[in-house]
Amino acid sequence: ALLLYALTFNLRERVARTFALVLACLSVVYFGDVLASLSPRTSDMEVWLRLQWVGIAFLPTAVFHLSDDLLASTGRPSRGKRTLLIRLSYAASLATLVVATLTPYVGRGVVRVGPVGYLAPGPLFWLFVVFIAGTLAVAGINYWRTYKRCLTRDSRRRMAYLTAGSFGPLLGAFPFLMLGGAPLLRIPIAFWAVLAFINITVAFLLVLMAYAVAYFGVSYPDRVVKARLFQWILRGPFVASSVLAVTVLVNRASSFLGIVNSGLVPFALVASLLLLQYVITLVRRPIERWLFYGEDRHDVVRLQVLEERLLTTGDVKQFLEAVLNATCDITGAESAFIAATGPQGLELEVSVGPEDPMRTKAELPALLMTDRKQEIPLLGTVFAWDAFWLIPLHSPDSMEVQGLMGIRSGDQLPELSADQARELNLLVDRAAVALTDRILQREIFATMDRLVPQVEAIQRMRAAARYAGLEALTSPVNGTQDEADLVNLVRDALGHYWGGPRLTSSPLLSLNVVRQAMQEHDGSPVNALRAILKRAIERTRPEGERRFTGEWMLYNILEMKFLEGRKVRDVALRLAMSEADLYRKQRVAIEAVAQAISDMERESNARQEPAGV
């Protein structure tokens, strides 16, 4: 489960990749151990015991490699010596694997006691023990150097967790029975107790390692990292282990009671699985708030409430459509509509009935300046427009007009009773509240569009500063940045190429190459970034005259979609491809632009180095 976790979330980080290698080696060891214990024949058991050495042989080297990557992540990359040692260690592991699986020099024949079996140690087994000890000694030095270079209290604490957790894979994979397991096997209770203790310890240490590694290469807040790992463990190992335990207990209880082919086993399996998922769904979020949010608990709860109660465009239209249907029932009108005020005048939100209410374009002030109007009790002034009567929708707070409700009623509004007028007034108020809330949410989203790029940049620097310190806080976005982050930033900036917060507030503005280009664009960072994006797109242009062939595909997409601002449908039609295919090619094209910008940044830094010296 932890291997899948490492492969899912931050595999682009070298520390996470090496940690995944450690877990893969350990998984092979446990997989072989389970299959060996289930093998009825000794010859089959020997096959699985020897295949275990795929993990046993490479695990010490993987732990050593992990320690080197950790040291490099704190700003101390290898100058060649550590890299050479790692390569020699992998070569030694490969030699150990070949000798252990194909010869009897590391492990001889199988010694079997009931379901438990192990290989008798061969003459070269002790050389392997020396290899492990030497590798772990060097890894321990790397861990200590890494710990000393951690700058914050949290980073030191997590590095201590990671150092302690590194003993878990070695404890779980090392073949202790080959050191002298015969006396322990003679006392089954002691053997199984020790084995259970080791497995529980290994599980705990692996979780410590996964917790510490989860912070590498991610810019998420600490609470998100903790909650994600917590949920993964709950829904993965915890549920799987619990279901397996229930299945085994029910199966053995059925056998003890003499019930053959009992249907209780599948029932217990399904029931326990559903019950655990139900309980986790109920308790997960309160536990996360209590364990991980701390002083941020109230802020996070407010954000979660906003997420759950968010009034989306679909929600608004459903509610307003219900309001219009009720309005038609009260007034007897055939058609009705609600339009909201927008940057370009009236924008139709929803309509009911056969009549198209917005067939004529008109600005809101012109609609309300008409001489045709009528006073209705409770509703106030109602204006006429064509065959529709327009009721202004005022904001409950400022009384500002947020939109109009139009009712098709001919030349005169129908006579309304006091109760009908009161009900219609209530519907108008509720429609106004819905429009006001929707407009307020749009303002929130606009603020988020401006805020998110800045927050992402701060989170990235905060994550890097855990181990890299001053360099991470002062260095600009450059080619060493996470590749996926750079691609995302380039995609956002291209999407707002002709204006928008993802261009004007992009972290790409801090690029050295952009700062240099500002001199050519009257000191405007936005124009400089726009020029750099265009220059990067030009780098993807093939040589020769422009054509609409395969080799020009990426450039044509970038030029038409972003520089010319054409619609997706038009670009797909011009390039003779489906929209789905266009999106796939567009992703590749944006990655090419990101790579070009990364190259331009490295070139810019290289040009500045001699001047700095």
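Reader: How many aromatic pairs does the structure hold?
Author: This is a predicted model, and the structure holds 13 aromatic pairs. One of them joins tryptophan 53 and phenylalanine 128, with 5.0 Å centre to centre and 65° between the planes.

Reader: Stacked or edge-to-face?
Author: The pair of tryptophan 53 and phenylalanine 128 is edge-to-face. Tryptophan 53 is in helix 4 and phenylalanine 128 in helix 6, so the pair ties together parts 75 residues apart in sequence. Both tryptophan 53 and phenylalanine 128 are buried.

Reader: And what do tryptophan 144 and tyrosine 147 form?
Author: A stacked pair, at 5.9 Å centre to centre and 20° between the planes. Tryptophan 144 and tyrosine 147 are three residues apart in helix 6, so about one helical turn separates them.

Reader: Is tryptophan 144 buried or exposed?
Author: Tryptophan 144 counts as exposed, because its relative accessibility is 53% and the cut-off is over 50%. Tyrosine 147, at 27%, counts as partly exposed.

Reader: Switching to packing. At what angle do the axes of helix 5 and helix 6 cross?
Author: At roughly 150°, and the axes come within 12 Å. Angles over 145 degrees count as roughly antiparallel, so helix 5 is roughly antiparallel to helix 6. Their crossing is left-handed.

Reader: Which residues make the contact?
Author: Helix 5 contributes Arg82, Ser89, Ala92, Ser93 and Thr96, while helix 6 contributes Phe128, Phe131, Thr135, Asn142 and Arg145. By class, the contact has three nonpolar, five polar and two charged residues.

Reader: Last one: where is phenylalanine 216?
Author: In the loop between helix 11 and helix 12. Phenylalanine 216 counts as buried, at 4% relative accessibility.

Terms used
Residues numbered from 1 in each chain as written. Predicted model: local features only at pLDDT ≥ 70, side-chain atom pairs only at ≥ 80, totals over all residues. Heavy atoms only, no water. Helix = DSSP H or I, 4+ residues; strand = E, 2+ residues; numbered from the N terminus. Buried < 20%, exposed > 50% of the residue type's maximum accessible area, 1.4 Å probe, protein only. Axes fitted to C-alpha atoms, helices over the stretch in contact; angles between N-to-C directions. Parallel < 35°, antiparallel > 145°, perpendicular 65-115°, else oblique. Left-handed = near helix turned anticlockwise from the far one by under 90°. Contact = heavy atoms within 4.5 Å. Nonpolar A, V, L, I, M, F, W, Y, C, P; charged D, E, K, R; others polar. Phe/Tyr/Trp six-rings, centres within 6.5 Å; stacked < 30°, edge-to-face > 60°.
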